Amino acid sequence: MEGKPLVILLAEDNPSHTRLVMRGLEQNHFSNQVFCVSDGEQALDFLHHRGDYTDAARYPRPDLLLLDLRLPRVDGLEVLKQVKSSSELQTLPVVILTTSEAESDISRAYELKANSYLVKPIDFDRFSDLIRDLGFYWLAWNQPPFRNRPLRSEPLCDET
Amino acid sequence: MVGTDVSQVVVDPAAKTPRRVEQLLASGQDLATLNTNFRGLQQLAGYAHMPSIESLVVVHVPAKLVEANIRNTAIPWAIGLALIAGLLIPLSVGLLHHSYVQAHQSSTIATAKLSDSEERFRGLCTHVPAGIVMCDADGGCTYANDYCLDLMGIAIDDVFGWSWVERLHPEDRDRVPGEWRAAVKDCDVFISEFRFVRPNGDVKWVFARATALFDSDGNVSGHVGSFIDVTLQKQAEITLRQNEERNRGFIENSSQGIYLCEFDEPMPIDLPEDEQIVALSTGCHFAFCNDVFARMYGFESGEEMLGMRAIELYQTHDNEANVEFLQSMIRNGYQVIDEISEEFDRHGQRVVFANNCLGIVEDGYLTRVWGTQLDVTDRVQAERAVQASEERFRTLVSSAPLCIHEIDLEGRLQSMNIAGLKMMGMDQENDVVGADYLGAVCEADRDRIAALFDEAREGTASEFEFTASQDAGARSFSSSFIPIVAPDGQVERLMGITEDITDRKLAETERENLITELGQKNAELERFTYTVSHDLKSPLVTIGGFLGMLERDLAEQNLDTVHEDIREIAGAADVMKQLLDQLLDLSRIGRVVNPAEDVPFGELVSSVLQIVSPASHVRVVVNPDLPTLRCDRIRMREVLQNLLSNAVKFTQSHSDPCIEVGVQKPQDGEAPVLFVRDNGIGIDPQYSERIFDLFEQLDSSMEGTGIGLTLCRRIVENHGGRIWVQSAGPGTGCTFFFTVGAC
């Protein structure tokens, strides 16, 4: 991977899952800057540079939000709703990464304009593949909105 | 008439009069009276034998006139006779003078007497109560007395030249002149009955007699006539005839059967009763009956029944009933009024009659019985049908398990069936009759029911529910107003069916509560399955993920990370076990119920603290006056264990952790409120409800499954209590309160 690393915010309350995602990203050599928060409140604080995250230089605005749904304090759907209704944050791509396969969660997430909905596989290989593909898709293939576009000379696809 | 033999004039079928006259003459009696019959007209006659002129004077006066006079003036009969006798003396002189002269060729003395008697005659004629008229040979009227003038309705001046023929009633104008002419021709006495029309149009019936007068040469010199007014008699006759016709019409056209039974031999009324019954059944026959009566027994006409005996009609009857009927007739003085009898006609058809009859008793003998009879078969059958239907209705109402009642238009109870009385706790219908219906309705419902009552009085039926007033037990009822309309179209009263629906209402409320509860349970279950699917999957993802990692790390000989992988896997398995245990606990609540017992909370708290075993630096304060409450000890222990271990867990970071278990002084009649207070991390008030939801954890860094508080709430609520938390916010500690209601 080349160019300026992308900033990812991972909102996940289960520390084991956090480690799994992190390990998955590392193994696929996505040398990105990943920030982890463990509840919805922290996630919102991070995005709005509030509370513990007022230092905008230290805590940059992310290019992608990986959001679990069942979060303490403020749950994932509420975080999603606030992000998508904020004029400043609405262009931020939000990928739901959760264990829930409930239809209500999926439709609610899309209603609230989630950009993608991913279910964590129990099988390790598939989990690993998911993280790899997720990285490729969102960090390489996907064209982010201009405002947040990283300063990059060439898109990934032109490198071949 | 003059010269005629008396016996020719006095027509007496019994031939009594001539004999009587002969007896009179033989006895030498000069004056007498006797009843006689002259041409069918009852008359009173006076006879005077006048030997001096060798004549017999007879005066006839219609008997009715004399009787009328006597009755009117109440003069005894003897005086009446004397009056007539007095009248006879002068009359005899005048009347028979002429014949005397003729017969004996009288002397001059007689001439003088003639003038004198003529005067008397005229006076007599004026006052005699009969019309007397004379005419000359040409028929011109020469004399008419006052009676005559009154009767004809003419003045004396109009008399002369007056023609009586012109005054005849049109219907008599052909007949009477002919009779007159025949009489004149034969020198006979003219006798007739006919009508005069008075100038004012009144019609007068007269009985007239006339005879010719002869001059000395034996030629007819004129006529003398007399007549009396028989209008009243004629009218009476006509009335009688009309009455007869009318009665016949009545009898023939009557809807009543009418009969006359005559006894073969009149029955002595002092006969023993059983013999009278036999006589009434067999000893008399139908002498008359109308067709209606005959048809009642299946005959065509009344004539067919003539001669039949009552027993013949009774043949098919229940004899006892006949005997009873005749007995009551005899005991009631041979009279029956509106008595109902059930009989059979001759075709064996059952018929019902209303009877009226009256026996005629003469000189101690019952001679005949008049009776009328009305066929009431249809009416009686209809009445019986109505009775039967009423009986059915009554049975239905009285045995119905619902309260059925009637109320009048003033809203007062008129009647109530047995089930209704039972519902009201009353024994007697009189206890509720007259009670105000609306008075039993509670105030909140009264206006609504009163409006429905007003509508019902106008004819609109309604069904409704209401709660009874406190006095009436505050129970719930469903009731109705059903207007009962009289034949004239007016609502005359209201009927209603009332049911005590208190129990049903309670059941409804209970059902609604259950539905709400079930709804809550369902929602919880949904949340439960959802969270279970999520939260149970979480450790599986961890396990699966780190197993993969472990494989790779082993392959790469990364021993450091191998340990980490194993730790992760073991941790996830632990979490999973905890989750399953607690879910099992949760599912047991409500399903497994331990018997309630009196639990001293002081003891319970100490035993729980031993298990929770807070670190030595944690100050634990337990109120020594904790109450003893009746509850499920095992479950309540779980509540305390959860609350106390939470308190320990969330005070870990505090430098001087403190946990307090206490009780708030209970308000009057309220359950004591127990509490567990800590000075730990506290809770943002906005999460004070959410923390009790399943799998809710405010802090993911803390151990736990998020089931504990859900478990506590479930147990407390199952005990009928309540649990809640108070905290000023993060960092200020928090207090969990709970009550234990009835177990």
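This is a short talk on how two protein chains meet in one structure.

Hi everyone. Before we look around, please keep in mind that this is a predicted model.

Let's start where chain A touches chain B. How many residues does each chain bring to the contact? Chain A gives 31 residues, and chain B gives 29 residues. Put together, the two chains bury about 2600 Å² between them, and 50% of that area lies on carbon and sulfur atoms. On the chain A side, three arginines lose the most area to chain B: Arg23(A), Arg70(A) and Arg73(A). Together they account for 31% of what that side buries.

Now, what holds charged partners across this boundary? The rule finds 5 salt bridges across the interface of chain A and chain B.

Which helices of chain A supply at least two residues each to the side that touches chain B? Those are α1, residues 15-27, and α5, residues 124-141. The largest share, 7 residues, comes from α1(A). If you sort this side of chain A by class, you get 10 nonpolar, 10 polar and 11 charged residues.

Next, let's stay with Arg73(A) but look inside chain A. The side chains of Arg73(A) and Asp39(A) meet in a salt bridge, at 3.7 Å from N to O. This pair links distant parts of the chain, 34 residues apart: Asp39(A) sits in the loop between β2 and α2, while Arg73(A) sits in the loop between β3 and α3. Over all chains, the salt bridge count comes to 46.

Finally, a stop in chain B. Helix α18, residues 502-535, packs with helix α19, residues 537-555, at an angle of about 10°, and their axes are 4 Å apart. Angles under 35 degrees count as roughly parallel, so α18(B) is roughly parallel to α19(B). Where do they touch? Val532(B), Ser533(B), His534(B) and Asp535(B) of α18(B) meet Lys537(B), Ser538(B) and Pro539(B) of α19(B). By class, these residues divide into 2 nonpolar, 3 polar and 2 charged.

Conventions. Residues are numbered from 1 along each chain as its sequence is written. Chains are lettered from A and ligands numbered from 1 in the order in which they are written. This is a predicted model: local features need pLDDT of at least 70, side-chain atom pairs count only at pLDDT 80 or more; totals for chains, interfaces and linings use all residues. Side-chain values use heavy atoms; hydrogens and water are left out. Contact means heavy atoms within 4.5 Å. Buried area is the accessible area (1.4 Å probe) that two parts lose on being put together, summed over both. A salt bridge is a side-chain nitrogen of Lys or Arg within 4 Å of a carboxyl oxygen of Asp or Glu. Ala, Val, Leu, Ile, Met, Phe, Trp, Tyr, Cys and Pro count as nonpolar, Asp, Glu, Lys and Arg as charged, and the others, Gly among them, as polar. Axes are lines fitted to C-alpha atoms, for helices over the stretch in contact, and angles run from 0 to 180 degrees between N-to-C directions. Angles under 35 degrees count as roughly parallel, over 145 as roughly antiparallel, 65 to 115 as roughly perpendicular and the rest as oblique.
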